[in-house]
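Me: Could you walk me through a structure with a few questions and answers? Here it comes.

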Amino acid sequence: MAAIETRSLSKVYVTSFGNKKVRALNELNLTIEKGTIFGMLGPNGAGKTTLVKLLLQIIFPTFGTARLLDTDINDYHLKKKIGYLPENHKYPPYLSGGAVLKYFGKLSNINGLELDKKIDELLELVNLSKWKKAKVKTYSKGMMQRLGLAQALINDPELIFLDEPTDGVDPIGRKEIRDILLELKSRSKTIFLNSHLLSEVELITDRVGILNKGKLLREGTVRELTEKKEEYKITVSDEEFELTRYSDKNMIITKSNSGSYSVKVDDIRTMNLLVDKLRNDSVLIKEIVLQKDTLEEMFISLISQEEKGIEN
Ligand SMILES: Nc1ncnc2c1ncn2[C@@H]1O[C@H](COP(=O)(O)OP(=O)(O)O)[C@@H](O)[C@H]1O
Ligand SMILES: [Mg+2]
């Protein structure tokens, strides 16, 4: 079942008394399955926050439609099933972490002992139990984000939107947040997160989208998006053995400085033929790795291609 489904979803902001139009989201078609972690990537101004705000009906589309959890986004009952951590959220500095959660719990119509129990459970989950009574003004950025996560989970939502959850958080804090997200996924929650931190997203998401100037440029698994289709790195244990002898018109083999070989083939069958030959010749294969771009390399080349396309 789809957790999120958009059809031609579009937003044009009109500013300066109608003189200026910003096409923030351009005919977005996207389907995200339940129980997955989806990461929307894009540079600043790409339209990521606009998308989340549209799905939550904080703002309204210029045209297009969307469904969450198989329900039209106009149905307000949907809100009970959704959690949201806004970008750059702020809580009153004089409140304790526990009091913040109490406030949001009450807004979600949870009260009394049930709420107290829920708050303790969530503080445990986000590793803030010891800080329950401390004022949020004493919290680090990472702790604020974890408290924000707890707030987004107070109504036990099925679908959670997180806008830049690890922004400004140090590496250890980011790892803690990733671990919490994976824990939530294991509880069958669907997580949609916006991020401009690519390496982060690579580590935990099932699928990613790349948004630029309101347009979805790519969507798929990190593996699909980063694979160089036909190149393998192969290392054999006998360093004297020259693999280049197998080069032919279907297979280009070159030696790298590290002693491993790059093999370019048209398809995986040719690669397997090479493996057969090596095994026949009793060559021990140490490692075969499909060559990949990092998500960051792919992202930068995609966005810069787009920029060139627009200039031409
Ligand atoms: N309320 C608004 N009024 C006018 N323009 C806006 C408004 N909110 C965002 N924008 C513009 O829409 C584009 C997308 O913004 P946003 O969704 O915040 O991007 P991101 O979250 O990817 O950084 C940007 O060009 C931004 O300046
Ligand atoms: Mg944003």
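This is a predicted model: local features need pLDDT of at least 70, side-chain atom pairs count only at pLDDT 80 or more; totals for chains, interfaces and linings use all residues.

Me: Happy to have it! Where is Ser188 found?
Reply: Residues are numbered from 1 along each chain as its sequence is written, while chains are lettered from A and ligands numbered from 1 in the order in which they are written. Helices (H or I, at least four residues) and strands (E, at least two) are DSSP runs numbered from the N terminus. On that numbering, Ser188 sits in the loop between helix 5 (171–186) and strand 8 (190–195).

Me: Thanks! Is Ser188 buried or exposed?
Reply: A residue is buried if 20 or more other C-beta atoms lie within 10 Å of its own, exposed if 12 or fewer, and partly exposed in between, with C-beta atoms placed from the backbone. Ser188 has 9 other C-beta atoms within 10 Å, so Ser188 is exposed.

Me: What is phi of Ser188 near?
Reply: Ser188 is a residue other than glycine, yet its phi is positive. The value is near 65°.

Me: And Leu69, which has a positive phi too: why does Leu69 count as partly exposed?
Reply: Leu69 belongs to the loop between strand 4 (63–68) and strand 5 (71–72), and its phi is about 50° although it is not a glycine. Leu69 is partly exposed because its count of other C-beta atoms within 10 Å is 19.

Me: Now the helices: at what angle do helix 2 and helix 3 pack?
Reply: Axes are lines fitted to C-alpha atoms, for helices over the stretch in contact, and angles run from 0 to 180 degrees between N-to-C directions. Helix 2 (residues 97–107) and helix 3 (residues 112–125) have axes 10 Å apart, and their angle is about 125°.

Me: What does that make helix 2 relative to helix 3?
Reply: Angles under 35 degrees count as roughly parallel, over 145 as roughly antiparallel, 65 to 115 as roughly perpendicular and the rest as oblique. Helix 2 is therefore, relative to helix 3, oblique.

Me: Last one: which helix gives the most to the shell around ligand 1?
Reply: Residues in this shell have a C-beta atom, placed from the backbone, within 6 Å of the ligand; among them are Tyr13, Val22 and Lys48. Strand 1 (2–15), strand 2 (20–33) and helix 1 (48–55) each give two or more residues. With three residues, the one that gives the most is helix 1.
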